[in-house]
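Biologist: I am new to this structure and would like to know what stands behind the words used for it. Please go through the terms with me.

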Amino acid sequence: MNRVFETLERLPTSKECKFLPPVANYERDFVSRSTTATGLPYSEFAGDLNKSESDEREYRLIRLPNGLTAFVIHDSLESKACAALDVNVGSLADPPAFQGLAHFCEHLLFMGTTKYPKENEYNAYLSANGGYSNAYTDLEDTCYYFEVTYDALEGALDRFSQFFIDPLFTEDCTDREVRAVDSEHKKNIQSDMWRQYQIEKELSSKEHPFSMFATGNQATLSGAATELGVDLRGKLLEFHAKYYSADIMKLVVVGRDSLDQLTEWAVSKFSPILSKGMTKPLFKGHPLTEREMGKFIRIKSIRQQRTLDMTFALPDLKPFRQSKPSRYLGSLVGHEGKGSILSYVKRRGWATSIVAGRSPTSAEGFDMFKVTVSLTELGLEKYEDVIRVVFAFLQLLQAKKPQKWFQDELQRVSEIEYKFLEKSEAVNLASNLASTMQNRYLEPQWVLSDGMLLNEFDEELIEWVQGFLVPDNFRILLAARELDVDFDLTEKYYGVSYRVDAIPEELMQDLRGELHFDELSLPEPNLFIPDNLEVKGQKTSAEPGAEPALLKLAEGLELWFKQDDRFFLPRGEVRINVENPRAYESPLSSILSQLFVLVLKDSLSEITYDAQVAGLWFDIHESVDGFSISVDGFNDKLPQLLKILLTTIKNYKVDDTQFEVYSREVRKKLDNVRHAEPYNHVQTNTHYLNYATVWRYSDKLSAFSLVNKQRLQKFIDSLFEQTRIQMIVMGNFAEQDALDMADMVIDVLGSQPLPDYARQWSRVLLHNPGSYVHHATMPEDGNVNSSIDVSIYTGQTQNDWERVVLDLTSIIIQEPFFDQLRTKEQLGYITYSSDRKYSDGYMTLRLLVQSEANPAYVSQRISHFVCGFRKRLVDMTQEEFERYANSLKVKREEKLKNLYGETSRYWTHVCSGYYLFDKIDRDIANLATIGKGDIVAFWDKYINPSTASSFTSLTAAIWSTKIAQPSDTELEKYPEISIALHGCLMRDGISEPTLETVDAFVQSLAPADTEDEALARMIQSLCQPPVTTDNDDAETTTAASDLAKAVEKISEPASYVRTALSMAIEQAQTRASRDQPVATCNGDLSRLSLANGKAGESVVDAHGGSARSSLKNIGVIKTPDSTWVFREASTFKATLCQSGAPIPTRPLVPKYK
């Protein structure tokens, strides 16, 4: 590929654009300083940083001698420390011959440095100290960031800084990480968002690098290197050497340490980064030129969706930070109130939502303005009329001229939001600031407020930008699965079917002419902007309260309240559960509840949009026990909004158009579930198998034919006949405010109280000891990935001590599991471990992998890891254990950052029914009693298959349709290791051996066999090519050649076939070491020793029956590994017992009767 993209030799000036401000001056107001401990030089911004009045963090903006700019931020209350470094280069800088190289560099940078050569040193250090890392590659930025406990920051910074000083990019890591990038791309192939984005790039100007493929895959990286005869690692080193320069780096460090100490670390550790005199590459031109405009692009989507995109080419708007013209225009075009575009099209049943504003795919030098409309089925037919409505509104804006009163409202809201800014997560602050600092037009004093504040109204600038929103400067993209057109083009990387035509001339003539619709108008003044911003509470030296107060507890009402004594902001939050068992009593009820929520939100949108603009947010969603309502934001007019919501809920009458639109929306959402990623499916299946009442999307689809308008209205009318209200009021309210709002809820809904015995609790299923595996098939054909989700049950959630032991165990296993299965073995991009805690039930250690490999092989690798991890626990030093324990302690001691977090904490305990408000104190007290030996004992009691007397595991497996699943007969006959090895051979192109012959080979393995010997014997017996002669046809010759390549592939040191053989040999050694055929820990979770015999054979079931062998009568298969495999989840779960209702951990005594 010989494409070359022209770069700009100089920045644009006000001569080219009169509105263009000067580039920010990072010399003025900076004064020379030196660090207190070592006397290293740096310069510090001496001006006003204009931080929010409510922001208690301390900030220092500095410049290092090498040109790197950094923010150091002191937060005395922060239990976690973090840092982010943004390099001002991204995928636009990819060499055309190696598309995805910037993203590949991001992947590989973490894999060892000269100072810290161990490839997982960085992540192991972070994990041991309660942290994590991540990164992303954008068009013009690559941002790296991490979080760690506050007392481990220096070590983390030292490791982090070395990536930008002397990374290794070793050959081994380079080869493996190509597979990770390829796996990440394949994860996205079925995503409509990624597919549409790539079409937008594909159909942009070939003279601009925006048109390239940004993610990269095996073909564009190692494949391109092989084709060109060059070393990929060499190209990577060239890229890093060229662009990773201190001049275009921005650093943010947040910690509990003093500003002087943070400055010392920033200067000493990041000054060695080389300054190469770099400025980021700026490319000539725009991705959307006249050649790309006027096009009508149609895409066949994967999911049931109908998206209309109108994209306008704009000049770069980032320099205009003071007035932000795109925010003004986006707020008007995307308005949802009366007179808006959305109001007009929704009334006709054409659309359900609209989003308008600057495209997130813009970069310095170019911008795009997008109007995205989610169409209904009718709207898909009427898409041209929708476009006419959009342009009629744009003409209205042109005619009315920019409205200062509207900008004043936006400015007033931004000032209130910024003045009373809530504290955000430190790592989000760091990564956002590092990226924001890259705007060369942003003066230092406005960096902190840039994302929020509007400072001026520039009528001429807004008119200039509006001038680009015209018919001759846009293109249309229409995406839907049901488009009935001849898709004559296929995109290369995602396989997207699409078609490109000119926009119909008749439509263009209409858009160029005068368009007028009486219903369209500018918005009315916003009445929800708060007037009273007085804070009711007074700051004192006392510690904030540890729990809310129970004000009322009567039949039909439970009211909790806590006035803000922590944040002292004019904000409030109200959460309400409206309990009624009818809401989720059947799949049909569940559908009707979902439909009710959608039509309700639609009815409220015109009224409540202004409230959202003014900082008042609400949500309504259906739940297992009824409906949940939440309202949060500035408290002044929150009760007013709550009353509007309740009144609309109570008096709602089903509208014909709404019913037609949103019943189809519900059906669409249910249909789209089948297109979810495999790891989403296995998590859903695991959830289904652990809760008594969960309606699957297939259950709902089966009942959907019963849905009609009359049934929906009858259902809604019955929902509020009897209810139980569970409610919490938090924030800047007085106690009487809470009582008044509770009375309002009761009065408006007008329900009779629901008796406590009629409440619908979410019951957990209690699994019997043994190993159980659920096999399912991906419901759609396009995905190459499968997934495995393993749950190992580890005791009761309400056991305080064991709950903390599991928390600590989960932290210890997290990084090693990821390092082994994701980094070293490259099983799949999505690989992680965690824990699950089922209220009223058991806890589980959870291990999940999404992979292209055969699920049986992935299951074996997870099992092998679990069985081998005990040794790691035993070998763990006391120092390592104490680091893990400290990281959990710091996590538990983390201070609440905002009202939302505080409300969520208390509400979780209220809704659980346990009211365990002192859980954190209990956890910290228990943590102090736990030693390393307790972790090993816990592992042996529950997780180690060879020692856990009641070992219980549940595996949810979902198979890609591209991988042959074993039949029931094969599952019953062959052990999983044989199925795994057979799957690996098939994957690598050796398809001749049957599962039977592979199993015979596995059974023939001797304990003394080595991996190389076994591989050679297997190739000799199972992989022999046909003897070819000169008379053979080309097909036979090709088959022999393909087999030879496959044999070469399986012979590679890291091949899955080799690994499977190694596991088979280990299992042969285990079989030989046993006196009798009782399974032990040999790399297979299903081979376990139980005190009472083999797994699953001597377990008494819930009804006092004999063995689990009766499960065969309902289609459950017992494998040679003593695992029970089932395909029909609903039949299996019906055999399990359920948990009881929760018992409160304290007496519930209300303040008022």
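Biologist: Why is Ser1122 called buried?

Modeller: This is a predicted model, and the value is computed from it. Ser1122 has a relative accessible area of 10%. Buried means under 20%, so Ser1122 counts as buried. Ser1122 lies in the loop between β31 (1117–1118) and β32 (1124–1126).

Biologist: What is the phi of Ser1122?

Modeller: Phi of Ser1122 is near 65°, a positive value in a residue other than glycine. Tyr915 is another entry of this kind: its phi is near 55°, and Tyr915 is not a glycine either.

Biologist: Where is Tyr915, and what makes it buried?

Modeller: Tyr915 sits in the loop between α27 (899–912) and α28 (919–927). The relative accessible area of Tyr915 is 4%. The limit for buried is under 20%, so Tyr915 is buried.

Biologist: How do you know that Glu364 counts as buried?

Modeller: Its relative accessibility is 11%. With buried set at under 20%, Glu364 therefore falls in that class. The residue belongs to the loop between β11 (351–358) and β12 (367–375).

Biologist: Which side chains make polar contacts with the side chain of Glu364?

Modeller: The side chain of Lys280 does, at 2.8 Å, and so does the side chain of Arg440, at 2.5 Å. A polar contact requires a pair of N or O atoms within 3.5 Å, so the 2.8 Å to Lys280 meets the distance limit, and therefore the 2.5 Å to Arg440 meets it too. Leaving aside residues up to four places away in sequence, Glu364 touches several residues, including Leu11, Glu140, Asp316 and Tyr441.

Biologist: What makes β1 and β6 edge strands?

Modeller: The sheet is open, with 8 strands in the order β1-β2-β3-β4-β8-β5-β7-β6 and mixed pairing. Strands β1 (30–34) and β6 (132–137) each pair on one side only. Neighbouring strands of the sheet are turned by 20° against each other on average, direction ignored.

Biologist: How do you know that β5 and β8 pair?

Modeller: Strand β5 (residues 80–87) and strand β8 (residues 249–255) share 6 bridges, in the antiparallel sense. At least two bridges are needed for a pair, so β5 and β8 qualify. Leu85 has Leu251 in β8 as its bridge partner.

Biologist: Which helix packs on the sheet, touching β6 and β7?

Modeller: Helix α2 (residues 121–128) does, and its direction makes about 40° with that of β7 (142–149). In α2, Tyr122, Tyr125, Leu126, Ser127 and Ala128 are buried. The buried residues of α2 pack against β6, β7, α3 (153–162), α24 (800–824) and α26 (878–892). Just after α2, Gly130 takes a positive phi of about 65°.

Technical notes
Residues numbered from 1 in each chain as written. Predicted model: local features only at pLDDT ≥ 70, side-chain atom pairs only at ≥ 80, totals over all residues. Heavy atoms only, no water. Helix = DSSP H or I, 4+ residues; strand = E, 2+ residues; numbered from the N terminus. Buried < 20%, exposed > 50% of the residue type's maximum accessible area, 1.4 Å probe, protein only. Polar contact = N/O pair within 3.5 Å; in protein donor to acceptor, adjacent residues only side chain to side chain. Contact = heavy atoms within 4.5 Å. Axes fitted to C-alpha atoms, helices over the stretch in contact; angles between N-to-C directions.
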